[in-house]
Amino acid sequence: MHIGQEGLVSRLRQWNGANHRYGRIGQQTARIAQALGMRVITFSRSRNAEGEYVDLDTLLSQSDVIALHCPLLPGTKDVICRENIEKMKDGVILINNSRGALVVEQDLADALNSGKVAAAGDDALVVGLLVFK
């Protein structure tokens, strides 16, 4: 399916974008998403900037696009796992700009194969190869 530029912007305006953590990169991502008309929600331990902060379950269940911008810590390791993917909207888009170990790669591959996750961008895979059916 092809969506023209106007159709894409119109569709983005209906989406909720989410940031997992809210440092400098997350804040810049939020500004871009907001410029496209998206509502942006954030889950972060620190509240270092203006924004709409929610708990993790709310972020997962309300977001059409989820962007990860966080360090690898005990509390963030495997945050994208089967259990949390099940809480996400069907057709969610996941972008990991952080560390590979934030995502359980086989769980993500399974979610992509099933269509639960429509698309994923990950520049930090641990294994480096996801197997799709």
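The model is predicted, so local features require pLDDT of at least 70 and side-chain atom pairs count only at pLDDT 80 or more, while totals for chains, interfaces and linings use all residues. Residues are numbered from 1 along each chain as its sequence is written, and side-chain values use heavy atoms, with hydrogens and water left out.

I begin with the overall architecture. The protein has five helices and six strands, where helices (H or I, at least four residues) and strands (E, at least two) are DSSP runs numbered from the N terminus. Their order from the N terminus is α-β-α-β-β-α-β-α-β-α-β. Of the 133 residues, 42% are buried; buried means under 20% relative accessible area, exposed over 50%, and partly exposed in between, with a 1.4 Å probe and protein chains only. Among contacts (heavy atoms within 4.5 Å) with a separation of 6 or more, 60% join residues 24 or more positions apart.

Next, the interior. A nonpolar core is a set of buried Ala, Val, Leu, Ile, Met, Phe, Trp, Tyr and Cys residues joined through side-chain atoms within 4.5 Å. The largest such core holds 20 residues, and Ile66, Leu68, Ile80, Met88 and Val117 touch the most other members. At least two residues of this core come from each of helix 3 (56-62), strand 4 (65-68), strand 5 (92-96) and helix 5 (105-114). A second, separate core has five residues, among them Ala33, Met38, Val40 and Val65. To return to Met88: beyond its neighbours within four places in sequence, Met88 contacts Leu60, Ile66, Ile80 and Lys116.

Which residues does Asp107 contact, leaving aside its neighbours within four places in sequence? They are Cys81, Arg82 and Ile85. Asp107 has a relative accessible area of 13% and is therefore buried. Its C-alpha atom lies 9.9 Å from that of Asn84, which is 23 residues away along the chain. Just after helix 5, Gly115 adopts a positive phi of about 90 degrees.

I turn now to the loop between strand 4 and helix 4 (82-87), where Lys77 is found. With a relative accessible area of 48%, Lys77 is partly exposed. Lys77 and Val103 are 26 residues apart in sequence, with 7.3 Å between their C-alpha atoms. Asp78 belongs to the loop between strand 4 and helix 4 and is partly exposed, at 32% relative accessible area. What is the phi of Asp78? The angle is near 60 degrees, a positive value in a residue other than glycine. Most residues other than glycine have a negative phi.

Finally, the second largest pocket. On a 1 Å grid over the protein atoms alone, a pocket is an open set of points where a 1.4 Å probe fits, with protein on both sides within 12 Å along at least five of seven lines; lining residues have an atom within 4 Å of a point. The lining consists of Gly23, Arg24, Ile25, Gly26, His69, Cys70, Pro71, Asn97, Ser98 and Arg99.
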